Amino acid sequence: MNTLEINHLHVHIQNKEILKDFHLTINEGEIHVIMGPNGTGKSTLSKVIMGDPHYKITKGTITYKNKEIHNMLPDERAHLGIFMAYQMPTEIEGVRESDFLRTALHEKEGDSFQLMHFIKTQEEIVQKLGMDKNMIHRFLNVDFSGGEKKKNEILQMYLLHPSFIILDEIDSGLDVDSLRIVGEAIMDYYQENKPAILIITHYQRLLNYIHPHFVHIMEKGSIQKTGDASLVKQIEKEGFDFFTQNSIGTIYEK
Ligand code: ADP
Ligand code: MG
C-alpha cells in the first residue's frame, strides 16, 4: 500500500515558489533519503507534509494511506501516525519534557493511555539513547545541547509510535557516538515496526546505520534524480553539481 503519495505539489512562501511540481511516492516499509543543496526546499517539504500553516499549497495533492491530508490540521496528521523530527527542535520554557510527552501521548491514545506503561517506556528509551535521566524533568529543549535535542526527537518518536517518520537532518549536531546511538535506535524502531521513513541528510555517515531503499537528489524544489544507496557515495565524490550539470535526468517514474 502507498503510505505517502505527493503529486504535482507546488508550494509558496511569501510569494516565492519553493516546491515546483514535486512528486514522491513512499510505500509501506520503505526508507527514502532526500539529499540536496541548502535552500532547495527539503525542510519546506517536510513541514508541508506535517501541515505547517506558513506554507501555502497552490497546486497538487498529498495523500497518506489513500486519504487526502493536505487540508488537514497538523494534529489530525499526527493522529494518522505521521511524525517529524525537526531540524531545529523548539525550546519551550516552562513546559517540562516529561509533561509534554505524557500530554502528547495521552492526547493520541485517549482512554487507552496507561501512565505506568508510559513511564516504563520512557525510562527504557532514555536509557537506550544514553540520555541523562534527569533531562525529562527539565524544560523542553531549553539549554539542551544539539545532540540532546536530536535524541529527544527520537524519544518522542518511540513514544508516539508513528507509521510514517520524517527525519530532517537528524544527524546534524551529533558527535560520532551520538550518531551511532541515534542511527541504531532508528534502525531498531524500523526493524520492529516497519514504518515508512523519509530521511533528509547531507551526509553519508547516517547511512552507515540506516539502509535506504531509494535515494533522491532534490534541486530547486523538485526531485531531479532517483537511485539506490550507491547514489549517496557518488554524491559525496562528485557533489550535486555533477548531477545537475550533466543533466542525467530523472530515472524515477511515479
Ligand atoms: P533546505 O531545507 O533544502 O535547506 P528550506 O526548505 O529550508 O531549504 O528553504 C527553501 C527556501 O525557502 C529558502 O530560500 C528559504 O529561505 C525559503 N524559506 C523557507 N521557509 C521560509 C519562511 N518561513 N519564510 C521565508 N522564506 C522561507
Ligand atoms: Mg533544511
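This is a predicted model: local features need pLDDT of at least 70, side-chain atom pairs count only at pLDDT 80 or more; totals for chains, interfaces and linings use all residues.
View 1. For the side chain of K42, the corresponding distance to an oxygen atom of ligand 1 is 2.8 Å. T44 places a polar side-chain atom 2.5 Å from an oxygen atom of ligand 1. On its own, ligand 1 has 560 Å² of accessible area, of which the protein covers 67% (Shrake-Rupley method, 1.4 Å probe).

**View 2. The magnesium ion (ligand 2).** S43 (OG) and Q87 (OE1) coordinate the ion at 2.1 to 2.5 Å (donors are N, O and S atoms within 2.8 Å of the metal, or 3.2 Å for Na, K and Ca; water is not among the atoms, so sites may look incomplete). S43 belongs to helix α1 (residues 42-50) and Q87 to the loop between β6 (82-85) and β7 (92-96), so the pair ties together parts 44 residues apart in sequence (helices are DSSP runs of H or I with at least four residues, strands runs of E with at least two, numbered from the N terminus).

View 3. Q122 sits in helix α4 (residues 115-128) and is buried, at 3% relative accessible area (buried is under 20%, exposed over 50%, partly exposed in between; 1.4 Å probe, protein chains only). Leaving aside residues up to four places away in sequence, Q122 touches S98, L101, I136, L155 and L159 (heavy atoms within 4.5 Å).

**Notes.** Residues are numbered from 1 along each chain as its sequence is written, chains are lettered from A and ligands numbered from 1 in the order in which they are written. Local features need pLDDT of at least 70, side-chain atom pairs count only at pLDDT 80 or more, and totals for chains, interfaces and linings use all residues; side-chain values use heavy atoms, with hydrogens and water left out.

Methods
A polar contact is a pair of N or O atoms within 3.5 Å; within protein, one must be able to donate a hydrogen and the other to accept it, and residues adjacent in sequence count only if both atoms are side-chain atoms.
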